[in-house]
Amino acid sequence: MELAVREVAPKNRKPRQKDESKLGFGRLFTDHMFEMDYHPDKGWHDPRIVPHHPLSLDPASMVLHYGQEAFEGLKAYRGKDDGVYLFRHRDNLKRMNNSCKRLVMPELPIDFISDCLKKLVLLDRDWIPTSTGCALYIRPNIIATDPFLGVRPSSTYLYYIILGPVGAYYPEGFNPVSIYVSDKYVRAVVGGVGDAKTAGNYAAGLLAQKEAKDKGFTQVLWLDAIERKYIEEVGTMNIFFKFGDEVVTSPLTGSILPGVTRDSVIQVLGKWGVKCTERNYSIGEVIAGLKDGHVTEVFGSGTAAIISPVKSIQYKGQDYQVGDGKTGPLSQKLYDYILSLQYGQQEDTFGWTERIDL
Ligand SMILES: *Cc1c(COP(=O)(O)O)cnc(C)c1O
C-alpha cells in the first residue's frame, strides 16, 4: 500500500498554543490526521495523511447506534536532545487489534500502521511540546461505517489517527487524589468487553464518575461485578496497592484493561527487585491494611498520568487515609523513572523507547 500525503500549506497551518502550561488535555488538535478505509472486497485501502478535518458520516452509520468501535491512547515525547520518542507504541497497536477481534472488526497491519503513525507524528513534530510532562497525544480510532439500522457487524470501517499537544497531567505538581469506591455501579464483567478499549465502557462509567465528582472525589474505584468485593481499576487507570513489602495488582482475568503502563510498572518493579504480585485482593483486605498501616501506598497507572498517587479512599461512607496522605517514595520513584525513559533521558534496558526522527 502506498501512503498518500496531502499537506496543509504552511500559511494555512493553525496557530499553536505557545504557553505550554495552558495546553490542558484533549482540547487541541494538530494540522494533519491519518485515514484509511476498509471494504470487504478491498481490505484496508487508500491510506492517506490529510488535513485534520470533520468527518462526513451518514447518520445511520452503525458506530453511532451500536458503538462498534475501538480506540487507543499513546504519546510522542520530545527529549532534551530535541529527539522525537515513542514508548512501546507497537503494544498499543497490538492491543487495538485485540479490541478489534472482540468487537468483530478487521485487524490492522501493525508494521504498516506503525510506519504511517511515525510519518504523521514527524509531519506535525513542531506541535510536540518541549516542557517535561507535556507530550503529543496520539489517538487512533476505528469506527463502523455501514449506513444500516440493525445489529450485525458492519462490513465497512474507517480507521483514523488524530494528534494533539497535551499538558502535564499535574499542572500544580504531583498531587495525590481522593477516590470513591462504587458499590452501586460496575465497570465491566468477565465475558463482557472490559478488556477492550471500546467506547461503550466509558459511556457506561459516566454516571458513577459524575456521582463521585459530585461528592468531591477525583476517581471511582471499581470493584468486580459479581461479588462486589475484588479491586479492579480506578477511573480509566489500572491500580496498585503496596502491602508491606509487596506490591499487588489485579490479574488480567478479562474485565480489566491490560494497560501498557501497568505492564511497565510490573517489569520495572521486577528489575528493582520489588515483589509485585498479580492476584485477586478484596476491598476488605485493603480497608484492614489501611486501618493497621500495612497498606502504605496506592497508585493508579495509565498513559495520561503515568502514576497517579491516591491519598484517601472512601468506602460505605467511611474515609480511610493512605499512609500520611502524601505521595509515597515508591510512587514517586516509579513516576520519575518511567518519565525519564519516555523522554529518552535514561538508559533503556527494556527496549521500550524508540527515537523516530533520525
Ligand atoms: C487506557 C486504559 C488504561 C491504561 O492503559 P495504558 O495503556 O497504561 O494507558 C487502564 N484502564 C482503562 C479502563 C483504560 O481505558
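In this predicted model, Cys276 has a relative accessibility of 23% and therefore counts as partly exposed, whereas Cys116, at 1% relative accessibility, counts as buried. The cysteine sulfur closest to that of Cys116 belongs to Cys100, and because the two sulfurs are 15 Å apart, they are too far from each other for a bond. A disulfide would need cysteine sulfur atoms within 2.5 Å, and by this rule the count comes to 0 disulfides.

Strand E16, which covers residues 306-315, runs antiparallel to strand E17, residues 318-321, and the two are joined by 4 bridges. One of the pairings links Gln314 to Asp319, its bridge partner in E17. Together E16 and E17 form a hairpin with 2 residues between them, and in the turn Lys316 has a positive phi of about 50 degrees.

The structure also holds 3 cavities of 30 Å³ or more, and two of them are set out below.

| Cavity | Volume | Residues lining the cavity include |
|---|---|---|
| Largest | about 70 Å³ | Leu74, Lys75, Tyr77 and Phe87 |

In the largest cavity, strand E5 (74-78) and helix H5 (260-272) each supply at least two lining residues, and the largest share, 3 residues, comes from E5. This lining draws at least three residues from each of domain 1 (4-166) and domain 2 (177-342), and by class it has 4 nonpolar, 4 polar and 2 charged residues.

For the second largest cavity, strand E15 (295-302) and E16 each give at least two residues to the lining, of which E15 provides the largest share, 3 residues. The lining of this second largest cavity divides into 4 nonpolar, 4 polar and 2 charged residues.

Definitions and conventions:
Residues are numbered from 1 along each chain as its sequence is written. This is a predicted model: local features need pLDDT of at least 70, side-chain atom pairs count only at pLDDT 80 or more; totals for chains, interfaces and linings use all residues. Side-chain values use heavy atoms; hydrogens and water are left out. Buried means under 20% relative accessible area, exposed over 50%, partly exposed in between (1.4 Å probe, protein chains only). Two strands pair if DSSP finds at least two bridges between them. On a 1 Å grid over the protein atoms alone, a cavity is a set of points where a 1.4 Å probe fits but cannot get out, and a pocket is an open set with protein on both sides within 12 Å along at least five of seven lines; lining residues have an atom within 4 Å of a point. Grid points are joined across faces, edges and corners, and a volume is the space filled by probe spheres set on the points. Ala, Val, Leu, Ile, Met, Phe, Trp, Tyr, Cys and Pro count as nonpolar, Asp, Glu, Lys and Arg as charged, and the others, Gly among them, as polar. Domain bounds come from an automatic or database domain assignment.
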